[in-house]
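Hello,

Here is the structure we talked about passing on. Please open it first, then read the notes below.

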Amino acid sequence: EANPGPTDTAWILDEFILTEEDDANALIRRVVSEFGDDSVQQLVGVHVVVEDASNLLTKKLEWGRLAAYLEQSTRYIYFDKKDANGRYRYYIPELEPFAEKDYCRDVDNIFDLYSFMVRGVTEYVRKKNPAPLNPQERAAWLQATRAAACDAVRPVLPVAAKSTVGIFASAQAISSM
């Protein structure tokens, strides 16, 4: 008999069906022993959220493309809000105190520039593309003009900018991360 194709559901059912003598534990033992634990890891789906990940970390997490990713986009939100401590959202590496002070000052300046630019470009894009008269279309216009401005200015954001990444992956993909 030829090897079953990926759409041959009868083969899948034959492979994983429980017989009267089997219980769920016997099925698991059989699958692990016949398929190997690496293969079994592919059967488990895991949801993970990584909060306050630097832009650099998000790229490292997403590099293998072995999973599904949902990243807080620099395209749809302004990255110029400060937290309760008056800081922009960026990663601060372990540095000597004098270097950390200079680092934070410089990154704050970059975020200040980003804020000035993204707000100015948003205003410019909105002047060039007047709001629709239909109030139902206004929300889409606001989002589209914001996205256009954020797209234009996002190269200014430093790699240390933080966002949140949602990940859905097999246990094997998470293990390789």
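Is Cys-104 buried or exposed? Cys-104 is buried, because its relative accessibility is 5% and the cut-off for buried is under 20%. Cys-150 is buried too, at 0% relative accessibility. Keep in mind that this is a predicted model.

A disulfide would be a covalent bond between the sulfur atoms of two cysteines.

Now the charged side chains. Side chains of opposite charge can pair when their charged atoms come close. Seven salt bridges were counted in this model.

- Arg-105 and Asp-106 form a salt bridge, with their closest N and O atoms 3.1 Å apart. Asp-106 is partly exposed at 37% relative accessible area. Arg-105 is partly exposed as well, at 44%.
- Glu-123 pairs with Lys-127 in a salt bridge, at 3.3 Å from N to O. Both sit in helix α5, which covers residues 97–128. They are four residues apart, about one turn of the helix. Glu-123 is partly exposed, with a relative accessible area of 47%. Lys-127 is exposed, because its value is 62% and exposed means over 50%.
- Asp-151 meets Arg-154 in a salt bridge, at 2.7 Å from N to O. Asp-151 is partly exposed at 26% relative accessibility. Arg-154 is partly exposed at 33%.

There is also a network. Salt bridges link Asp-80, Lys-81 and Arg-119.

Best wishes

Note on methods:
Residues numbered from 1 in each chain as written. Predicted model: local features only at pLDDT ≥ 70, side-chain atom pairs only at ≥ 80, totals over all residues. Heavy atoms only, no water. Buried < 20%, exposed > 50% of the residue type's maximum accessible area, 1.4 Å probe, protein only. Salt bridge = Lys/Arg side-chain N within 4 Å of Asp/Glu carboxyl O. Helix = DSSP H or I, 4+ residues; strand = E, 2+ residues; numbered from the N terminus.
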